[in-house]
Amino acid sequence: MIRIEKLTKNYRTIQALKGVNLQVNEGELFAYLGPNGSGKTTTIKILTGLANPTSGDAYVHGYHVVRETLEAKRQCGLVPQTINLDHELTVDENLDIHGRLFHMSARERAARIDELLDYVGIRERRNSPIKHLSGGMKRRVMVARAMMHAPKILFMDEPTVGLDPTIRRRIWSLVKSIQQSGSTIFLTTHYIEEAEFLAERVAFLDEGRIVAVDTPQNLMARLGTWALDEIVNGDMETIFFQSREEANRHLGKQQGGFTLRRVNLEDVFLSVTGKKVVP
Ligand code: ATP
């Protein structure tokens with residue numbers, strides 16, 4: 001559904017992408033993770049036709065993002081990082097404008113808005129101006145807007161940033177149900193547990209290069225099953241073990257000053273992006 005080959009992007013002196021290769025399958029919920037500035041948004045911008053690559057190729061649903069840009073764009077819905085709704089207009093009006101941009105007829109727009117208002121659970125606020133909505137409601141309107149033209153792939157760039165845990169979980173349920181209805185989802189997030197919960201496969205990007213791609217389970221299993229956090233000479237260190245017994249042997253008679261826990265995807269993030277020493 002998405003194919004990226006040797007993709008590079010330079011902004012003057014900055015090399016934001018340094019030869020990214022990636023494939024995302026139809027119907028997959030794929031998380032694209034990496035530290036600040038690693039190139040996630042740049043990749044999404046290229047895939048959704050908002051920026052041109054410096055070199056390399058990218059295809060969405062078989063369409064080349066540069067040579068067949070209009071067709072490629074038609075396949076994509078984008079929920080960008082920042083809320084860019086028209087704050088003076090109502091929910092309905094925001095959705096309607098998006099439908100017009102994609103040349104949907106008045107009848108198609110009305111039917112689709114009706115369907116989406118229920119889908120994202122915002123029907124009762126359809127006539128409210130965006131400026132009167134909470135952050136969580138605005139995010140749901142952003143998702144509905146991205147889905148107006150029934151795209152094959154939904155790109156979500158940090159869709160839950162700044163939301164409280166309850167609303168984040170509502171968005172997670174929404175993301176899952178969108179995928180179950182047949183869409184492919186390409187998600188970026190800094191909430192690693194969000195990716196661990198939602199994604200079938202994960203890619204880690206670091207300084208413009210992919211450094212790991214696999215299922216969360218396989219990536220975590222490469223490190224081990226148990227993680228031991230301890231303070232050594234004032235620094236926190238994490239050591240990974242295949243079994244609890246192995247961890248206990250390492251600890252010996254040590255009574256405190258450590259935490260033994262299950263390995264999580266955040267451990268993978270820290271190890272593959274080199275932000276923490278892993279033995
Ligand atoms: P974050 O997690 O902070 O959103 P990101 O992984 O999405 O970061 P990008 O926004 O793709 O990263 O940025 C990658 C690199 O390209 C960064 O060094 C950034 O400063 C640079 N960059 C991005 N957009 C531009 C631009 N329009 N002009 C110049 N440099 C840019």
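1. Basis of the note. The model is predicted, so local features need pLDDT of at least 70 and side-chain atom pairs count only at pLDDT 80 or more, while totals for chains, interfaces and linings use all residues. Residues are numbered from 1 along each chain as its sequence is written, and side-chain values use heavy atoms, with hydrogens and water left out.

2. Domains. The chain is assigned domain 1 (2–216) and domain 2 (224–262); such bounds come from an automatic or database domain assignment. Between the C-alpha centres of domain 1 and domain 2 the distance is 39 Å.

3. An open sheet of mixed pairing is formed by six strands in the order 6-7-8-3-9-10. Strands are DSSP runs of E with at least two residues, helices are runs of H or I with at least four, and both are numbered from the N terminus; two strands pair if DSSP finds at least two bridges between them. Strand 6 (76–79) and strand 10 (209–214) each have a single partner strand, so one side of each lacks a neighbour in the sheet. On average, neighbouring strands are turned by 15° against each other, direction ignored.

4. Strand 9 (residues 201–206) pairs with strand 10 in the antiparallel sense over five bridges. V202 has D214 in strand 10 as its bridge partner.

5. Helix 5 and helix 6. Helix 5 (residues 135–147) packs against helix 6 (residues 165–180) at an angle of about 15°, and their axes are 10 Å apart. Axes are lines fitted to C-alpha atoms, for helices over the stretch in contact, and angles run from 0 to 180 degrees between N-to-C directions. Helix 5 is therefore roughly parallel to helix 6 (angles under 35 degrees). In contact (heavy atoms within 4.5 Å), G136, R139, R140, V143 and M147 of helix 5 meet I167, R170, I171, L174 and I178 of helix 6.

6. Helix 3 and helix 5. The angle between helix 3 (residues 91–101) and helix 5 is about 25°, with their axes 9 Å apart. These two helices are therefore also roughly parallel to each other. V91, N94, L95 and H98 of helix 3 meet V141, A144 and R145 of helix 5.

7. Helix 5 and the sheet. Helix 5 lies across strand 6 and strand 7 (153–157), and runs at about 165° to strand 6.

Note on methods:
Parallel < 35°, antiparallel > 145°, perpendicular 65-115°, else oblique.
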